Amino acid sequence: MSPSSDAPSSSSPAEALAFSSGQIVQEFGYDDDVDLDLRDAIEDVLGDELEDEDCQEIVDGVIMWWREGDGDLTDAMVDTLTTLAPGAPVWVLTPKAGRDGHVAPADIQESAGTAGLRVMSTVSLAQDWTGTRLASRTN
């Protein structure tokens with residue numbers, strides 16, 4: 001029997017984002033449909049609140065809530081890079097397939113490439129939200 005077979009899982013979807021305590025994470029696209037439990041879990045991991053879109057500090061990562069119809073995804077991705085530290089991730093959180101506002105993975109891939117980013121991975125983060133990790137092409 002493995003040591004963890006009966007132990008409850010301590011990992012949360014927020015931990016899948018690979019943020020850690022003390023990091024500064026900027027949030028784009030907050031609206032009334034975001035997953036508040038996921039947001040709270042991210043803030044718990046960070047030990048602080050998420051920074052809003054107006055943050056001027058260099059940040060250790062970005063989460064961007066994005067829905068079909070929010071505008072130009074490429075432009076939004078470029079905007080997230082303004083205060084992003086070199087090598088820091090951008091997480092694009094989109095509604096899952098079949099949910100209102102779903103964004104096709106091909107659209108994310110195309111916009112990322114145009115913005116100078118590349119898709120690294122995609123994970124299920126909440127009941128209604130999927131996260132796609134982007135990295136700069138120089139990473």
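The entries below follow the order in which I consulted the structure.

Entry 1, confidence. I noted that the model is predicted. I found an average pLDDT of 90 for the protein, with 90% of the residues scoring at least 70.

I looked up the secondary structure and recorded four helices and five strands. Read from the N terminus, their order is α-β-α-β-α-β-α-β-β.

For the accessible surface I noted about 7,500 Å², with 46% of it belonging to carbon and sulfur atoms. I then took the contacts between residues at least 6 apart in sequence; 71% of them join residues at least 24 apart.

I found that the largest nonpolar core has 20 residues. Val-62, Met-64, Trp-66, Leu-73, Met-77, Val-92 and Leu-134 have the most contacts inside it. Two or more residues each come from strand E2 (61-65), helix H3 (73-80), strand E3 (90-95) and helix H4 (105-114). Helix H3 gives the most, with three residues. I also listed a second, separate core of 17 residues, which includes Ile-42, Trp-65, Leu-93 and Leu-125.

Which residues does Val-92 contact, leaving aside its neighbours within four places in sequence? I recorded Met-64, Trp-66, Met-77, Thr-130, Gly-131, Thr-132 and Leu-134.

Methods
Residues numbered from 1 in each chain as written. Predicted model: local features only at pLDDT ≥ 70, side-chain atom pairs only at ≥ 80, totals over all residues. Heavy atoms only, no water. pLDDT = per-residue confidence, 0-100. Contact = heavy atoms within 4.5 Å. Areas by Shrake-Rupley, 256 points an atom, 1.4 Å probe, with all protein chains shown as cover. Core = buried A, V, L, I, M, F, W, Y, C linked by side-chain atoms within 4.5 Å. Buried < 20%, exposed > 50% of the residue type's maximum accessible area, 1.4 Å probe, protein only.
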